[in-house]
Amino acid sequence: MKDTFLHMDELESHLGKVYAEFGDLKLKFKELLEENQRLRIENQQLRKVLKRETESVAVTQEAAEEPAVAKGTAEQAPAASASVGEGYDNLARLYHEGFHICNVYYGHLRMEGDCLFCLSFLSK
Ligand SMILES: [Zn+2]
């Protein structure tokens with residue numbers, strides 16, 4: 001009888017540990033689900049940006065080829081200054097797509113609305 005009680009005690013403490021481990025596992029699973037969801041959204045957004053970038057590069061190349069054939073060598077200076085403005089536009093667009101463009105969280109998905117670091121970067 002004493003052995004049986006001892007055995008039940010052992011079993012009880014074992015069950016307690018299993019229960020605690022199961023709780024930990026459940027928490028980890030929840031975190032993984034959340035991360036997966038976040039990565040899924042981020043991936044989706046990046047695919048959109050990539051698709052548009054690829055399309056705009058194709059358009060730019062077509063546009064660049066035409067004048068070269070028609071007028072010979074086109075002026076280079078306006079193109080260079082335009083690409084600086086384009087870089088800014090890309091960043092602004094990336095921000096509005098929901099990504100950080102600040103050097104603190106660059107490339108991460110913005111989960112909590114506006115980011116002051118990004119906004120101060122955009123206003124420069
Ligand atoms: Zn930011």
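In which loop does H100 lie? Select H100: this residue sits in the loop between α2 (77-96) and α3 (116-122). Helices here are DSSP runs of H or I with at least four residues, strands are runs of E with at least two, and both are numbered from the N terminus.

Before going on, note that this is a predicted model, where local features need pLDDT of at least 70, side-chain atom pairs count only at pLDDT 80 or more, and totals for chains, interfaces and linings use all residues. Residues are numbered from 1 along each chain as its sequence is written, and side-chain values use heavy atoms, without hydrogens and water.

**Whole chain**

Show the chain as a cartoon. It has three helices and zero strands. From the N terminus on, the order is α-α-α. Of its 124 residues, 14% count as buried; buried means under 20% relative accessible area, exposed over 50%, and partly exposed in between (1.4 Å probe, protein chains only).

**The zinc ion**

Now select the zinc ion. Its protein donors are H100 (ND1), C102 (SG), C115 (SG) and C118 (SG), at 2.1 to 2.3 Å. Donors are N, O and S atoms within 2.8 Å of the metal (3.2 Å for Na, K and Ca); water is not among the atoms, so sites may look incomplete. The site is tetrahedral, with angles of 102 to 119° among the four donor atoms. For four donors, that label requires all angles to lie between 85 and 135 degrees. Along the sequence, the donor spacing is H-x1-C-x12-C-x2-C.

Go back to H100. Why does H100 count as buried? Because its relative accessibility is 9%. C102 is buried as well.

**The core**

Select V49, A92, L94, Y95, F99, I101, C102, L109, C115, C118 and L122. These eleven residues form the largest nonpolar core. Such a core is a set of buried Ala, Val, Leu, Ile, Met, Phe, Trp, Tyr and Cys residues joined through side-chain atoms within 4.5 Å. α2 and α3 each supply at least two residues of this core. The largest share, three residues, comes from α2.

**Salt bridges**

Side chains of opposite charge can pair when their charged atoms come close. How many salt bridges does a search of the whole structure find? It finds five. Each is a side-chain nitrogen of Lys or Arg within 4 Å of a carboxyl oxygen of Asp or Glu.

- Select R52 and E97. Their closest N and O atoms are 3.1 Å apart. The pair links distant parts of the chain, with R52 in helix α1 and E97 in the loop between α2 and α3, 45 residues apart. R52 is partly exposed at 28%, while E97 counts as buried at 15%.
- Select K30 and E34. Here the closest N and O atoms are 3.4 Å apart. Both belong to helix α1 (residues 2-71), and they are separated by about one helical turn because they lie four residues apart. E34 is partly exposed at 47%, and K30 is partly exposed at 47%.
- Select R110 and D114. Their side chains meet at 3.7 Å, N to O. R110 counts as buried at 16%, whereas D114 is exposed at 56%.

Methods. Tetrahedral: all angles 85-135°; square planar, octahedral: opposite > 155°, others 65-115°.
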